[in-house]
Amino acid sequence: MSLPLFLIGARGCGKTTVGQALAQALGYAFTDTDKHLQQTTGMTVTEIVAAEGWQGFRQRESLALQAVTANRTVIATGGGMVLAPENRQFMRERGQVIWLQAEAAVLAARLEAYPEQAQRPTLTGRPIADEMIEVLAAREALYREAAHFIINAMQQPVNVVEEIISVLAQARAS
Ligand code: ADP
Ligand code: MG
């Protein structure tokens, strides 16, 4: 039960918030692929995209995923990590993949409440709520395909953590 735990899901679903709490509860390390990229390149996600385009960012993101993956580690991934088939395959084979699922309206409300934490350029330049509906429509099937476990992320972070620990324990027992 020491495999890496990958948290996937759209921006605002709680990968960082829940991931830190989950790591603490399990006595695991916590790492964030966006933060790793920021530390290794000295650039923010926004700056990488400005300099190298989304394609350059995606290439770096795949390398970051592999670099941070270790046993006894909770890994918060970028919202678009599932776009590349090789990232989905890598996560599924290497560890347990947990999708923090939330509705577009909930995600948009969180990002609007804390825009400074939304660290990423919007993908389309349109209102967050519209963009969320579109991004989820495009990515939901990929999150579902990549996930070993789907968790309701529209509850308090402490309850999200409890649910994750509970489904992992069930999977272990079966
Ligand atoms: P992600 O890393 O998936 O983009 P964050 O953990 O940064 O998401 O959360 C985005 C915002 O939503 C933060 O302001 C955070 O405090 C808030 N948030 C995260 N999870 C929850 C939750 N379960 N309930 C309410 N607010 C949350
Ligand atoms: Mg995050």
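Guide: Start with Thr 31. Leaving aside neighbours within four places in sequence, Thr 31 is in contact with Val 68, Thr 73, Val 74, Ile 75 and Ala 76. Contact means heavy atoms within 4.5 Å.

Visitor: What kind of model is this, and how are residues and chains labelled?

Guide: This is a predicted model, where local features need pLDDT of at least 70, side-chain atom pairs count only at pLDDT 80 or more, and totals for chains, interfaces and linings use all residues. Residues are numbered from 1 along each chain as its sequence is written, chains are lettered from A and ligands numbered from 1 in the order written, and side-chain values use heavy atoms, with hydrogens and water left out.

Visitor: Why does Thr 31 count as buried?

Guide: Buried means under 20% relative accessible area, exposed over 50%, and partly exposed in between (1.4 Å probe, protein chains only). Thr 31 has 17% relative accessibility, so Thr 31 is buried. Its place is in strand β2, residues 29-32. Strands (E, at least two residues) and helices (H or I, at least four) are DSSP runs, numbered from the N terminus.

Visitor: Ala 29 is in strand β2 too. Why is Ala 29 called partly exposed?

Guide: The relative accessible area of Ala 29 is 41%, so Ala 29 is partly exposed. Beyond neighbours within four places in sequence, Ala 29 is in contact with Ala 23, Arg 72, Thr 73 and Val 74.

Visitor: What makes α1 oblique to α7?

Guide: Helix α1 (residues 15-26) and helix α7 (residues 157-173) pack at about 55°, with axes 9 Å apart. Angles under 35 degrees are roughly parallel, over 145 roughly antiparallel, 65 to 115 roughly perpendicular, and the rest oblique. Therefore α1 is oblique to α7. The contact includes Thr 17 and Val 18 of α1, and Pro 157 and Val 160 of α7. Its residues divide into 10 nonpolar, one polar and no charged. Here Ala, Val, Leu, Ile, Met, Phe, Trp, Tyr, Cys and Pro count as nonpolar, Asp, Glu, Lys and Arg as charged, and the others, Gly among them, as polar.

Visitor: What makes a set of residues a nonpolar core?

Guide: Such a core is a set of buried Ala, Val, Leu, Ile, Met, Phe, Trp, Tyr and Cys residues joined through side-chain atoms within 4.5 Å. The largest nonpolar core has 41 residues; Ile 8, Met 91, Ile 98, Leu 100 and Ile 164 have the most contacts inside it. Helix α6 (residues 128-146) gives the most to this core, with six residues. Apart from it lies another core of six residues, among them Leu 37 and Phe 57.

How values were computed:
Axes are lines fitted to C-alpha atoms, for helices over the stretch in contact, and angles run from 0 to 180 degrees between N-to-C directions.
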